[in-house]
Amino acid sequence: MCFLPFRPCTFDAAISISSLQWVLKNIHDNDERVDLTNLAMSLYSVLKPKSKAVFQFYPKNNLLMKEVGKIFADYTEFDGHFIIDNPQKPVKRNIFLFLQKKRI
């Protein structure tokens with residue numbers, strides 16, 4: 001998943017459900033951080049201008065969630081934010097990372 005085998009500017013959108021937490025599980029693992037960086041850059045490459053991507057995932061804590069957002073912000077030109085459904089109920093909480101590729 002971290003090296004998408006598609007030509008640049010191929011897709012209008014991407015959706016991922018419950019896969020992101022398997023890429024970066026441990027914030028201190030440099031190999032996992034490199035994998036997530038490769039995923040961010042690869043995804044950015046295969047999306048067309050103004051395309052959108054949504055990741056639904058379950059980070060272990062807020063620090064991990066923020067690190068995921070930081071990696072996407074630091075290594076790509078995505079505009080993005082988190083959407084948290086049911087923030088007061090951890091058992092029913094859903095976290096989404098919404099990304100939009102900027103116009104080229």
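## Starting from Val68

Leaving aside neighbours within four places in sequence, Val68 is in contact (heavy atoms within 4.5 Å) with Leu20, Leu24, Leu36, Phe57 and Leu97. The residue is found in helix α3; helices (H or I, at least four residues) and strands (E, at least two) are DSSP runs, numbered from the N terminus. Val68 has 2% relative accessibility, so it counts as buried. The cut-offs here are under 20% relative accessible area for buried, over 50% for exposed and partly exposed in between, with a 1.4 Å probe and protein chains only. Val68 and Asn26 are 42 residues apart along the chain, and their C-alpha atoms are separated by 11 Å.

A word on the model: it is predicted, with pLDDT of at least 70 needed for local features and 80 or more for side-chain atom pairs, while totals for chains, interfaces and linings use all residues. Numbering runs from 1 along each chain as its sequence is written, and side-chain values use heavy atoms, with hydrogens and water left out.

## The core

A nonpolar core is a set of buried Ala, Val, Leu, Ile, Met, Phe, Trp, Tyr and Cys residues joined through side-chain atoms within 4.5 Å. The largest one has 24 residues, and Leu36, Leu43, Phe55, Val68 and Phe72 touch the most other members. At least two residues each come from α1 (20-23), α2 (30-46), β2 (47-57), α3 (62-75) and β4 (94-101). α2 gives the most, with six residues.

Four strands make an open sheet, ordered β1-β2-β4-β3, with mixed pairing. β1 (11-17) and β3 (78-85) are at the edges with a single partner strand each, so one side of each has no neighbour in the sheet. Direction ignored, neighbouring strands are turned by 10 degrees against each other on average.

Two strands pair if DSSP finds at least two bridges between them. β1 and β2 run in the parallel sense over six bridges, with Ile15 opposite Val54 in β2. β2 and β4 also pair over six bridges, in the antiparallel sense, and Gln56 stands opposite Phe96 in β4. Packed on the sheet is α2, which touches β1, β2, β3 and β4 and whose direction makes about 140 degrees with that of β2. Axes are lines fitted to C-alpha atoms, for helices over the stretch in contact, and angles run from 0 to 180 degrees between N-to-C directions.

## Ring pairs and a charge

Rings of Phe, Tyr and Trp (its six-membered ring) pair if their centres lie within 6.5 Å; planes under 30 degrees apart are stacked, over 60 edge-to-face, and the rest tilted. That rule gives five aromatic pairs. One of them, Phe6 with Phe11, is edge-to-face, at 5.0 Å centre to centre and 90 degrees between the planes. Phe6 has a relative accessible area of 43%, so it is partly exposed, and Phe11 is partly exposed too, at 32%.

For Phe72 and Phe78, the ring centres are 6.2 Å apart and the planes are at 55 degrees, so this pair is tilted. Both Phe72 and Phe78 are buried. Ring pairs link Tyr44, Phe55, Phe72 and Phe78 into a cluster. Tyr44 also has the charged end of Lys101 over its ring, 4.5 Å from the centre; the test is NZ of Lys or CZ of Arg within 6 Å of the ring centre and within 35 degrees of the ring normal.
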